[in-house]
Amino acid sequence: MEFVSGYQDEFLDFAALLFGWYRKFVAERGSVGTSLEGRWQQLEAQIRRLPQDPALWVLHVLPNHSVGISLGQGAEPGPGPGLGAALLLGDHPPLHLRDLSPYISFVNLEDEEEGEEEEEEDEEEKKREEGGSGTEKVEPEEDRELAPTSRESPQEVNPPGESEEAEQEAGGGEDGCRENRVEDKTRPQKRKGQRSEAAPLHLSCLLLVTDEHGTIFGIDLLVDGAQGTGSWGSGTENLASRAYVLLCHSMACPMGSRDPRKPRQFTVGDAQLHRELKSLVPRLGVKLAKTPMRTWGPRPDFTFASLHARTCHVCHRHSFEVNLTPCPQCNAVLYCGEACLQADWWRCPDDVSHQFWCPKLAAFVERAGELATLPFTYTTEVTSETFNKEAFLASRGLTYGYWTQLSMLIPGPGSPWHPRGNTPSLSLLLGGDPYQLLQGDRPALMPPVPPDPPRGLFGSWQDYYTWRGLSLDSPMAVLLTYPLTVYYVITHLVPQSFPELNIQNKQSLKIHVVEAGKEFDFVMVFWELLVLLPHVALELQFVGDGLPPESDQQHFTLQRDGPKVSVRNSSGVSARPSSGTKEKGSRRDLQIKVSARPYHLLQGPKPDLVIGFNSGFGLKDTWLSSLPRLQSRRVPAFFTESSEYGCVIDGQTMAVATGGGTSRPQLNPFRSPFRLRAADNCMPWYCNAFVFHLVYKPLQGSVARPAPVPAPPSPTPSVSPARTRRRRGEKKPGRGARRRR
């Protein structure tokens with residue numbers, strides 16, 4: 001069994017929901033331009049009986065004149081025949097946002113047309129020079145007039161995954177479409193810099209049904225040109241009938257896991273469309289506002305929340321398509337009906353069937369209360385199954401810097417708060433504050449560093465918050481879960497499992513953060529390790545092919561001097577002036593190195609410790625090579641997982657890849673308090689919830705090291721040590737006597 005959990009990026013999950021709802025809407029809507037009479041009468045009668053929503057509903061008409069979407073081939077950016085819709089919309093759970101960067105880019109259609117005109121002028125000038133005459137026109141005037149602007153005539157484009165033959169067969173007999181096809185045949189010859197002949201996908205208009213708070217109930221996409229397929233709409237039919245169909249479907253089957261309902265009042269954001277809907281909307285028992293909506297803007301507390309749309313574990317149908325219920329025995333897995341439950345129960349082989357997993361999953365679900373036992377004032381909100389992460393962050397003003405990495409508010413590479421660059425965040429550390437990305441123009445979220453180092457070892461968020469001077473209302477635990485987990489492994493788990501390493505007395509530690517990805521987005525919060533371990537010089541090397549390629553082989557150093565931090569790059573030049581006289585031995589370093597490659601390809605000295613966050617061995621093929629590499633080095637390697645189910649799968653993967661195993665997972669006291677949303681199950685998932693270490697296959701001729709368990713009371717030895725020594729001495733004559741015989 002493999003579940004869809006918090007491994008998937010929020011934006012891809014949201015996009016999958018949007019387009020999943022849209023595909024269902026298009027299928028039920030029927031062919032574009034179908035008469036409303038007869039087909040929709042039954043639905044209208046059903047809508048009139050729905051309960052009323054007191055909130056005002058709005059139909060937004062959002063035109064798009066100049067921005068297109070370029071679908072590249074993946075080898076290099078730029079337009080191309082592109083991806084299939086399934087890959088684009090995130091049907092593969094391991095897909096991440098950065099995986100899409102080679103495929104998808106936004107194109108300014110107006111700039112593209114200007115570039116085409118410049119190329120045409122350059123070609124004409126070149127041909128005039130070659131011909132020795134400045135008057136000959138190589139290209140007829142009529143051909144140049146075929147290229148319209150994006151505001152005057154739509155472009156002919158392919159939906160993702162369609163071929164040029166499908167493009168030629170698609171479309172109606174309108175003159176505009178014929179002109180666009182002629183234009184597309186000539187464009188590849190005019191464009192010198194293009195890598196592909198496919199034109200950008202142009203969404204000419206978006207119809208969006210929301211309530212006054214911005215909650216989305218339905219969408220409709222109007223794509224320029226007749227596409228010849230039901231999955232993409234055409235903007236040539238009557239807009240009023242199309243908007244009316246969307247409104248009906250949004251009431252009867254709202255997006256997400258909301259119940260069907262109709263608004264008490266409805267308004268439209270377009271004057272002409274408002275007039276055309278006056279005779280249609282009252283048929284639904286809904287009052288249409290007397291005048292169209294003049295202006296609309298998000299309220300100060302508006303959040304574009306990731307919607308909670310669950311899916312069936314077997315057939316993957318969404319909750320807005322069917323009624324989903326959990327397994328009656330374990331209450332962990334969601335199914336749309338008895339057929340899917342039975343199919344999963346008797347799945348082959350037996351160890352992937354729900355019959356095999358059901359009692360185990362029931363035990364995992366029973367620990368939900370224990371996982372949610374945290375000391376924060378907001379614990380009840382953030383650990384609920386309906387937790388709205390975007391609303392929580394926005395209500396506290398956490399919509400900048402590192403906080404955007406926790407939500408869908410991900411800034412573009414050109415944003416000043418984008419945490420990635422040639423050297424992560426160095427330009428934002430000139431003030432000497434490693435948490436500058438957390439606060440922006442707002443008051444500091446982290447108090448000053450206490451003057452005295454910690455006298456004991458912290459074993460809970462409560463102890464750490466008290467010493468650090470943090471309020472239990474502070475959400476910093478969400479980000480500090482990464483450095484505090486490293487601290488917990490160094491101070492508690494390694495001495496418990498590998499006491500011979502004597503790691504607490506070491507003056508320097510080299511740590512590999514293996515198969516790193518998302519945690520590198522929070523690289524500066526690892527500075528907290530210098531606060532917690534002031535006597536240790538640390539080197540963290542982030543390794544993994546999920547890291548930004550431009551960060552490969554970067555090396556910089558954070559140096560602590562009291563509450564300040566200075567940064568040095570690989571050349572040794574300080575990024576900020578020295579802040580004063582340093583006492584000998586009072587300054588420790590945190591070196592950060594980056595290797596954007598799979599761990600099994602990493603060359604270099606053996607580390608003291610390996611750590612991986614939310615590893616998911618079964619979700620990435622490179623682990624099948626990285627785990628044997630770790631076993632060959634036989635270095636202590638600790639990993640976190642977001643659920644006990646993930647720990648079990650990791651143990652199975654380790655056994656397949658190396659013949660070894662994993663230790664019994666332990667609950668991480670420094671887990672993130674934010675509950676992660678799961679799509680097809682109700683299990684509790686939390687970032688860094690559990691910690692375990694690898695148990696390597698014993699070397700030939702050696703005895704296997706057992707996985708550590710809570711130590712029982714030491715038994716009284718039956719034979720004294722002295723008696724044991726005498727027995728060892730008595731063996732020698734016996735062996736000699738046998739040899740003589």
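How many salt bridges does a search of the whole structure find? In this predicted model, the search finds 16.

One of them joins Arg396 to Asp473, with the closest N and O atoms 3.7 Å apart. This pair links distant parts of the chain, 77 residues apart: Arg396 lies in the loop between helix 14 and helix 15, and Asp473 in the loop between helix 16 and helix 17. Arg396 is partly exposed, with a relative accessible area of 28%, and Asp473 is partly exposed at 38%.

Lys620 forms a salt bridge with Glu515, the closest N and O atoms being 3.3 Å apart. Here the partners are 105 residues apart, Lys620 in the loop between strand 18 and helix 19, Glu515 in the loop between strand 13 and helix 18. Lys620 is partly exposed, whereas Glu515 is buried, with a relative accessible area of 10%.

A salt bridge of 3.6 Å, N to O, connects Lys593 and Glu539. It runs between strand 17, which holds Lys593, and strand 14, which holds Glu539. Lys593 counts as partly exposed at 25% relative accessibility, and Glu539 as buried at 10%. Elsewhere, Arg367, Glu370 and Glu644 are linked in a network of salt bridges.

Helix 2, residues 41–48, has Leu43, Glu44 and Ile47 as its buried residues. They lie on the same side of helix 2 because they cover an arc of only 100° around its axis. Helix 8 and strand 8 are among what covers them.

The structure also holds 4 cavities of 30 Å³ or more.

How values were computed. Residues numbered from 1 in each chain as written. Predicted model: local features only at pLDDT ≥ 70, side-chain atom pairs only at ≥ 80, totals over all residues. Heavy atoms only, no water. Buried < 20%, exposed > 50% of the residue type's maximum accessible area, 1.4 Å probe, protein only. Helix = DSSP H or I, 4+ residues; strand = E, 2+ residues; numbered from the N terminus. Arc of directions from axis to C-beta. Contact = heavy atoms within 4.5 Å. 1 Å grid on protein atoms, 1.4 Å probe; cavity = no way out; pocket = protein on both sides within 12 Å on 5 of 7 lines; lining within 4 Å. Points joined across faces, edges and corners; volume = space filled by probe spheres on them. Salt bridge = Lys/Arg side-chain N within 4 Å of Asp/Glu carboxyl O.
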